[in-house]
Amino acid sequence: MIERDVLERLEARVLAVLDGDPIDDLDVVGYGEISTVLRVEGTNGPVVAKRLPQMSRAQFVAYSETLADYLDDLRVRGVRPVDSIVHAVGEDPVVPYCIQPLQPLLLVDELDRADDAVIEHRVEQLVDTIVGAVDDWVGLDGQISNWAVDNGDLLYIDVTTPLLRDASGSERLDVGLFIASLPWALRGAVDRFLLTEILSHYYDPRAVLLDLAGNLHKERLTGIIPPLLEAANRVVSPAITQAEAAKYYRSDAWLWEFLLRVRRADRAWQCKVRHRRYPFLLPGRIER
Ligand SMILES: Nc1ncnc2c1ncn2[C@@H]1O[C@H](COP(=O)(O)OP(=O)(O)OP(=O)(O)O)[C@@H](O)[C@H]1O
Ligand SMILES: [Mg+2]
């Protein structure tokens, strides 16, 4: 999908931006809560590149295996993940990039102008897909921004955090990698135990659907909440109410905004006081 030297040049540009060059030097297609998604020219058309936290070569090998197993398990369970491969830039440590074809139609954009029949069909698909895939071993983040539409099918795009547990119920993902990307002030508070607890929501179909419903407030798609809850409440209990979704969203939005502020403060500290490079691209202002 992409030539090695294209990726190396991209990483060099990202480092220059982290060192103060204008962000316009990069073609940003989307900001998630954690990562910044960049557009690049691939060998067969445009692709997106998702930059992951720096890790050792050994951690990268383990991460790649976990991601491959996660994609397989999703497929077995009827979820279509978008084609995704990971490449490492550097020798050891490496900066991994997850590469996917750029999806021309995202579900958020389709739903923004959809009529009732399309909305009804998509919410049924979402509920069926989530309930059919999620259990104690395989999780997913069902938020509306994590899906694209391809030939009438839903494609799952947010695969870079493989939500997969082994037979003993432990996360396959090295959660320490993600803790390392947090500002030091939070690292003490967010230990493995808390992170495992946070991740556990993604392994519970009702919690995934509640999060999806609540997050429609952020996407300004509140009209979709009633049909979504109608479809969801046919299969989960206790039923999810609109009030529960709104309340959930208020606390969730607060938490993410708080985390973003702490990361910005950490960036200012690292750059201005310590004169060190802050290693992540952070989103600008997010409307919540
Ligand atoms: N393959 C793709 N094609 C087009 N747009 C994409 C693609 N992948 C991601 N995006 C855009 O970038 C946004 C963020 O991507 P993604 O969901 O993978 O990251 P994320 O939310 O930061 O993940 P996490 O928070 O779990 O690390 C998406 O919501 C979407 O708008
Ligand atoms: Mg996402």
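Is Arg220, with its 10 C-beta neighbours inside 10 Å, buried or exposed? Arg220 counts as exposed, because 10 C-beta neighbours lie inside 10 Å, where exposed denotes 12 or fewer other C-beta atoms within 10 Å of a residue's own, buried denotes 20 or more, partly exposed lies in between, and C-beta atoms are placed from the backbone.

The model shown is predicted, so that local features need pLDDT of at least 70 and side-chain atom pairs count only at pLDDT 80 or more, while totals for chains, interfaces and linings use all residues. Residues are numbered from 1 along each chain as its sequence is written, and chains are lettered from A and ligands numbered from 1 in the order in which they are written.

**View 1. The whole protein chain.** The chain has 10 helices and 8 strands, which are DSSP runs numbered from the N terminus (helices H or I, at least four residues; strands E, at least two). Its C-alpha atoms fill a box of roughly 55 × 45 × 40 Å along the principal axes, and buried residues make up 28% of the 288 residues.

**View 2. The largest nonpolar core.** A nonpolar core is a set of buried Ala, Val, Leu, Ile, Met, Phe, Trp, Tyr and Cys residues joined through C-beta atoms within 7 Å. The largest one holds 46 residues, of which Leu209, Ala213 and Leu228 touch the most other members. Elements giving two or more residues to this core include α2 (57-76), α8 (205-215), α9 (225-232) and α10 (242-273), and the largest share, 6 residues, comes from α2. Apart from this core lies another, of 9 residues, among them Val47, Val48, Leu52 and Tyr97.

**View 3. The surroundings of Ala213.** When neighbours within four places in sequence are left aside, Ala213 is in contact with Ile225, Leu228, Leu229, Ile240 and Ala245, contact being defined by C-beta atoms, placed from the backbone, that lie within 7 Å.

**View 4. Two cis peptide bonds.** Asp92 and Pro93 are joined by a cis peptide bond with omega of about 5°, and Pro93 is placed in the loop between β5 (85-89) and β6 (95-101). The peptide bond from Ser237 to Pro238 is also cis, with omega near -5°, and Pro238 lies in the loop between α9 and α10.

View 5. Arg220, in the loop between α8 and α9, has a positive phi of about 55° although it is not a glycine. His275, in the segment after α10, likewise is not a glycine and has a positive phi of about 55°; His275 is exposed, because 7 other C-beta atoms lie within 10 Å.

Key
Two residues are in contact if their C-beta atoms, placed from the backbone, lie within 7 Å.
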